[in-house]
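Visitor: I would like to go through a few of the labels used for this model and hear what stands behind each of them.
Guide: Gladly; let us look at the structure and then take the labels in turn.

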Amino acid sequence: MRSESEHPFYFDHPLGHLPGLLLLDMALTAIERTVRPDGGALWCHRFDVAFRAMAAIRRSIEAEVSTDGPHGWHHCRLTQDGRLVAEAVGAMSDIGPLACPTNQSDPAPAFRPVAAARVRKARAENVFLGEPDPTQRWRIATAAEAARASLAPERDGVYRPTYLAECFLQLCRTAREVESAAEEGIPASREILVQLGGVLPRPLPARAELAVAFEARDIDLFFPRDGRALRRVSTVYIGKEDVGCLYCDAIQL
């Protein structure tokens with residue numbers, strides 16, 4: 001696999017390494033192609049990715065997929081020049097019939113994205129997190145509202161896990177003070193992401209209006225937890241219904 005160093009989402013602003021979200025996308029793509037070589041529609045109902053080392057931008061990545069994950073799930077190792085840079089597990093299933101979204105407000109309020117600098121983005125079209133409601137649930141841009149972005153929000157009529165993971169990471173960036181973008185660009189991150197994952201039991205239709213909110217809950221991860229890392233967990237909602245969760249571990253600098 002090779003990355004596009006000019007990609008307008010993954011390289012929204014200058015970086016010195018491949019972003020973790022791109023490594024997640026690479027790993028899940030490799031697992032999907034292993035499970036369904038014909039490119040058929042799949043839903044990833046559980047994923048975990050652990051970041052082991054920084055990956056150089058202009059060097060190829062090799063993906064090796066096996067079935068030695070938990071419960072027979074697929075395990076992907078990403079290496080660069082023989083060095084492990086990330087590993088992931090993913091559990092895939094057929095999408096099947098999609099249920100109509102329930103418990104949604106009618107009509108939906110207008111989507112109001114947070115300021116781009118607040119989530120460390122240079123391009124406004126790459127902001128997918130909306131302002132919170134009075135209950136501190138943060139709305140996610142629907143597939144239609146995120147149509148201008150270079151990160152595809154949906155495929156086969158359902159939200160992509162990579163898109164949902166990015167929305168969660170944008171929520172995490174609002175949880176700490178972020179300096180305003182200065183003329184020289186986006187300030188360096190104050191955290192190192194070491195693990196990222198999600199539990200999404202059923203396919204989420206791309207037309208559904210989702211929201212995320214931090215919750216005091218813990219998750220059993222496939223990879224051991226780094227004792228230095230801060231864990232953040234959010235619940236994913238359709239209206240008032242809990243439809244999954246997303247989580248990450250990050251070391252604060």
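Guide: Two strands are said to pair if DSSP finds at least two bridges between them, and the model to which we apply this is a predicted one.

Visitor: What makes β6 and β10 a pair?
Guide: Two bridges join β6, residues 138-140, to β10, and because at least two are required, the two strands count as paired. They run antiparallel, and Trp 138 stands opposite Val 212 in β10.

Visitor: Why are β2 and β5 described as standing at the edges?
Guide: The open sheet has ten strands in the order β2-β3-β4-β1-β9-β12-β11-β10-β6-β5, with antiparallel pairing. Both β2 (62-66) and β5 (129-132) have a single partner strand, so one side of each is left without a neighbour in the sheet. From one strand to the next, the twist averages 25°.

Visitor: Why is Pro 201 called exposed?
Guide: Its relative accessible area is 58%, and since exposed means over 50%, Pro 201 falls in that class. Pro 201 lies in the loop between β9 (191-199) and β10 (210-214), where, leaving aside residues up to four places away in sequence, it touches Trp 43, His 45, Val 243 and Gly 244.

Visitor: And why is Ala 41 called partly exposed?
Guide: Ala 41 has a relative accessibility of 30%; buried would require under 20% and exposed over 50%, so Ala 41 belongs in between. This residue lies in the loop between α1 (20-35) and β1 (42-51).

Conventions
Residues are numbered from 1 along each chain as its sequence is written. This is a predicted model: local features need pLDDT of at least 70, side-chain atom pairs count only at pLDDT 80 or more; totals for chains, interfaces and linings use all residues. Side-chain values use heavy atoms; hydrogens and water are left out. Helices (H or I, at least four residues) and strands (E, at least two) are DSSP runs, numbered from the N terminus. Buried means under 20% relative accessible area, exposed over 50%, partly exposed in between (1.4 Å probe, protein chains only). Contact means heavy atoms within 4.5 Å. Axes are lines fitted to C-alpha atoms, for helices over the stretch in contact, and angles run from 0 to 180 degrees between N-to-C directions.
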